[in-house]
Amino acid sequence: TCVHSFFQGCFVFKPSSKKRKTRSLGETCVNPKSKNITWIYVLLEVLQEELNKKILDSLLDFAKKCSTTRQHCDWASKMRANEIPTAALVLGVNVPDHDMTFQSLFDLLKHSVTPHVVSVQAKECGVLKHLLKRVLEGLMDVAVDDDDEEEMEQNPRSVHCSLSTLSDWYTAKTKVTATPGKKRNVQDEDEHHHHHQTPPVVIIFKDLEGFNPRVLQDFISICSRYIDRLPLMFIFGIATSPSTVQHMLPHSVSSLLCIELFQSLSCTQHLATVIDKLILTAQFPFKLNGKVMQVLISIFLYHDFSVRNFIKGLQLALLEHFHSQPLSILCCKKKEALLNVTLLSGRDLETVRQLPSFIRFVEKQEAGEQVKLMTDDDHLKEACQKLIKDLRKYHKSYYPVLRCLHTLTSLLPRYPLGKQIRELHLICLEKNVWENEDYQSAMKLLKMLAKDELITSLRKCSEILSSAKSKKMKKAFTELDELLAKFKHLDGKLEKINDIPSLTLCYKKIERLSPCRCHLPPPESQTLYEVCYYSSSATVRRHLNATPRTSIQTALSSPCFYLQNESLKNEDGTVSNSAPDICIAYKLHLECGRLINLYDWLEAYATVVSAAEGQDPDCDTFGKVDDVKHARFIRSVSELEFLGFIKSTRQKTDHVARLTWGGC
Amino acid sequence: MPINTLVQNVRATPQHYSYPSIFIYGHRASGKSHVLHILMKELELPHAAVSCVECVSAALLYERVLTSFFGRSAASFLPRSPSLSEFVRLYRHQRSQSPAEQTRYIVMEKAELLRDADANLLPALLRLQELVDDNITVILLSEIVWEKFRPNTGCFEPLLLHFPDYSKGELQQILSTDSHPSYSAELYSSYINILLGVFYSVCRDLRELRHLAALNFNKFCEPLTEGKVKETETHKLWRNIEPHLKKAMQTVYIREVSSLQWEQMQQTEDEGGALRGLSAHTHVELPYYSKFLLIAAYLASYNPARTDKRFFVKHHGKIRKTNFLKKNEKTSNHLLGPKPFALDRLLAIFYSVVDSRVAPTASIFSQISSLVTLQLLTQISHTDQLDAPKYKCSISLDFISAVSRTVNFDIVKYLYDFL
C-alpha cells in the first residue's frame, strides 16, 4: 500500500476519466520523472478496467436481465418468481485482487443498473443480526438499531434491524421515484419505467467461503420470504470452486436460489495480459532486468497469484529506479531524453563514464575517440544521444522479434523455449538466446514441423511484424511476405513433387529467419542499458518478500544494522557491550545448550553490562547484580520469550528452554 | 381432517376463549402455513404472522405482535432489548384499552427455532393467554414433532395437530391447479401425471415438483406447438418428454444446474451436455508453495505424529508398519477424519516435502492464513491465540491427490493408511 499512497500523495487529484487523464499528463507534470510515474499509473488503471471488463459486462447483463424478467407476466416466469437470482462469481484464489474487481462491479452496478447495491464481507457478519445490519445500513444509509450496543442514546432515525423495514423502505422509495420522467418520449419512458420502477436490490457477498453457513442459510430463507415485494439479487464471490455453494447450502436453501455461474479469467492469464501490455512493449522506456523479473514472477507463481501484488512490485521497482539511479532522468520518451542529455551536469556525465556498459563501449573505440569521450563533455553528450537512439532502436526490434520467436516455438512439442512468452523473455534477458541448447533443439524441431502449421505461424509472425514501426522490422516484414507468397506459389506444384522440395524450402525459410536472432541479444550488452533497466533484485525481494525471522535475528545479532549507530560496531563484527539489553541477552543465550540456567545467565549479563558502564574490573561491585540490572535483565528475557526464542519449562523452574538453534 | 378440527376450533364461537396454544407439525410443503394463512384471511381474524427465522431477537417478535394487534404506536413503547415481562406488561396495558372482541391469533412459522431462543420464551408463549389475560391463541408451526420441543422443566401442553404428507392423488390434484392459460386443464393434468410417474419415487416435496413442472412444461408442449401431435395423443407426448425428465432428475432436481440455465439449455437443444453442473468445477488453482503447504497439512492431519520420522527422515532404518501399530490405530485414519496439528509440525513437514530450499518468508505464513480463509484448512484454536496455533486439514483425498499430481508428488507413498 505504501507505493499506492505514494502515488496519491504525489498528485493532488487522481485522474478519474480518460479525458482528464490526458490533460493531467500535460499539466501536472513538470518533472520528467513524475511524468513517467503518472503514465504508468494511468496505464495500470486502464489495464485493470480492461482485465475485468468481460466478466463485469456479463454480470451486468445478468443483473439487467433479472430485473426485466421479473416484469414479465407469462406463466413460466410466474411459476419461478420465488427464486432469488444469484450469480456465482468465481474469481480464483488471489484474494487480494478481488477488492478491486468488487469495487468496479459495485460502481458499475450503481451506475447502470440500480442504486440499491450493498456489499458485505464475512468478517463483519459473524451472526445473522450483524449481516442484516450491514445490509440495511448499506442500502438505506441510516443507523440501524441492533439492541446490544451500549450506546444507549437513542438515535431518532435508527430503525429496527429486520428485512421488513427494508421492504417498507423499498416500497416507499420506488413509489417516489416512479413519478418523474415525463419529459421522455413514450417508448423510452416505457422502457425506463420498467427499469426504474423496481430496480433490483443487489447484495454482494465478497467472500462466500468465509461466511458462517448457518448465517447464510438463515439469511437466504428470510430473503425468500420477501422476494415478492423486494426484488433481491445476490452475487456470491467465490475464491475456490463453485461446488462450495453446495457444501455450504443444503438443498432446502439452494432450491430458493437460481444460480448462474460466472468464471473469471485465471490469474495467470491476467498476468500474461499485464506483462504483455506493460513489459513487452517498446513504448514504455522503463524496463526490468532478468533478475528483477524473475523475482516478481516467482513471487507471483510461488506465493500469491496476485496480479495486484505483481503490479505493486513493478511500481516499487519504478520508484526505486528513479530514486536511486541519477541517470534515470534519461529514461523517458525519445524527444525528452535527447533534450535531457543536453541538460546533464558534469557530475551526471561522470556517472555516465563510470557505467560498466559505457566503459565496455569506450574500450571498443579507437584511442583518440576514447580520450575524447573521457574528457570532452560535449562530445560525450553527442555520443550519449546516439547511444540513447540506439537503445530505442534495439527495443523497437527486440519485442516484435521476441513475439515472432514465441509464435514459432510455442507450437513445438514440450515447449523447449517455454509455453509462455514471459519464459522466453526471461531466457533472452539472461544471455544470448541462440547459444542456448533449447534454442538449438527448438530450431531442429521447427524444421520438422508440418507445412501447414509452419505457414500459419509464419502468417502470425508477419502480422506481428506488420505492426512494427522500425525500418529493420519493415524490411523483415516484406521479406517474410515475399517468402509466404513463394510458398503459396509452390503449393500447387508440391502436390506433384514429393516432400523433398518442401523440406528444402523449409530449410531456406528457417535460414531466412535466423537474421532475426541478431535482434535478441540481452539488454546488458547494450550501452547505457543502466538508464532504463532496473537491476537491484535484492531490494525488490527484501521489500516484497520479507523474512521476519531473519530481520529479527539481524537486529539482535548486529543492532547497528538497524540503529545505524557507529558506536555499536565492533571490529570483529560481534555485539559490543554497549548494545541494547536484549541483544546482549540474545548473544549470551546463543552460548548455552538446550536448557538455560537463569541465574548463570543473569550473572553473565551483569558482567557484560558492568563492563559497558566502564566499571573497573578489579572493583568489588563489578559484575554485581543490583535491582536495576536485574529488572533490565528480566525485561530482555521476557522480550526474548515474546519473540519465541525461549520458553519456560516445567521440568526445572529456574531454567528456560531454548527454542532456536544455530546462529552462533 | 386436521383442517376440519382447526376450522371448528376457529369458527365455533369467536368471542369465547380459545385453547391457549396449538402445535401443528408436518413435513415441508404439507400446507401448514398456506392453510393458516388462508384461514386467517378468509375469516378476517385478527392475527400476527411471524417467522421465527426472521426474529433474530425476541424484541422483533414482540414488536411484530404488538404492531399487528394494536398498531405501530403500541410497539414504540417497547424499551430497547425488552424482556418478556415488559412485553407482557405492555400487552396488558394495551389490552385494557382495546380488549379482544374475538380470539386473537399469533401464528409462528418455523417454531423449531424457538428451541434455541431464551429458555423462558417457549413456555411463556404456550400459556400467553394466561399471562396477558386476553383471548389469544398461539399457533406454532413446525416440521419437528412436539416431543422434541418439550423442555425438561415441563410446560403447558399445546393442542397437537398433524398435517400428513400429501398422497399421490392429492399431489396430482394440487399440481393440476396451476395449469397454463393457453392450454387446456386436461392436458396439464395429464402432464402432471407423467411428471409424477417419473419423480414421485424420489421426491414428494410439493414445491420441488411444482418447480419441475414449470420448468419442463415448455418441452412437453413442443410437439404440440410444432403441430406434430394432437393434445389427445398422450402416449406420443409421453414418449417425447420422458427421457427429458430423466435428465432433469440428474441435473435441475439436485440444483446442479439452475432453472434459468436449464431453460436456456432446452432452447438451444444442446445434446452434448456442454453445460456443466456446479459440482463439476472442483478444480482449484493454487500457488506453488500453497500446494505444498496443503499437502503438508494433509499429511499432518492424517498421519500419526510418531510416524513422521519414518516418512521424512532419510535414514530411518526399516520400521515396519506392524511395529507402529497401537491398538486404536488399526482403524484407518481416513475413517476417523482429520486430526489437529500444530503450526511447527506443518512447517517441518512442508520443508521436507518441498523440493527446493525455501526461505521462511512472511508470504509463506500468509499463505497459511489464506488457506484458512479459503476454508481448505480450519483453525482449531481461537484466532486470538497467536502462540502455537493449531489447524486441521479440511479437504478430501481426491482433492489432495489432484493437487499433488500437479506438482509430481506421490502423496499415497507418504500416507500411513496406505502403507
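Mentor: First, buried means under 20% relative accessible area, exposed over 50% and partly exposed in between, with a 1.4 Å probe and protein chains only. Helices (H or I, at least four residues) and strands (E, at least two) are DSSP runs, numbered from the N terminus. The model is predicted, so local features need pLDDT of at least 70 and side-chain atom pairs pLDDT 80 or more, while totals for chains, interfaces and linings use all residues. Residues count from 1 along each chain as written, chains are lettered from A and ligands numbered from 1 in written order, and side-chain values use heavy atoms, without hydrogens or water.

Trainee: How many residues of helix α20 of chain A are buried?

Mentor: Helix α20 of chain A covers residues 421–430. Its buried residues include A:I421, A:R422 and A:H425, and they pack against α12, β8, α13, α19 and β9 of chain A.

Trainee: In chain B, how do α9 and α11 pack: parallel, perpendicular or oblique?

Mentor: Helix α9 (185–199) and helix α11 (234–250) of chain B have axes 10 Å apart, at about 45 degrees. Angles under 35 degrees count as roughly parallel, over 145 as roughly antiparallel, 65 to 115 as roughly perpendicular and the rest as oblique. So α9(B) relative to α11(B) is oblique.

Trainee: What share of chain B is buried?

Mentor: Chain B has 19 helices and eight strands. Out of its 419 residues, the buried share is 48%.

Terms used:
Axes are lines fitted to C-alpha atoms, for helices over the stretch in contact, and angles run from 0 to 180 degrees between N-to-C directions. Contact means heavy atoms within 4.5 Å.
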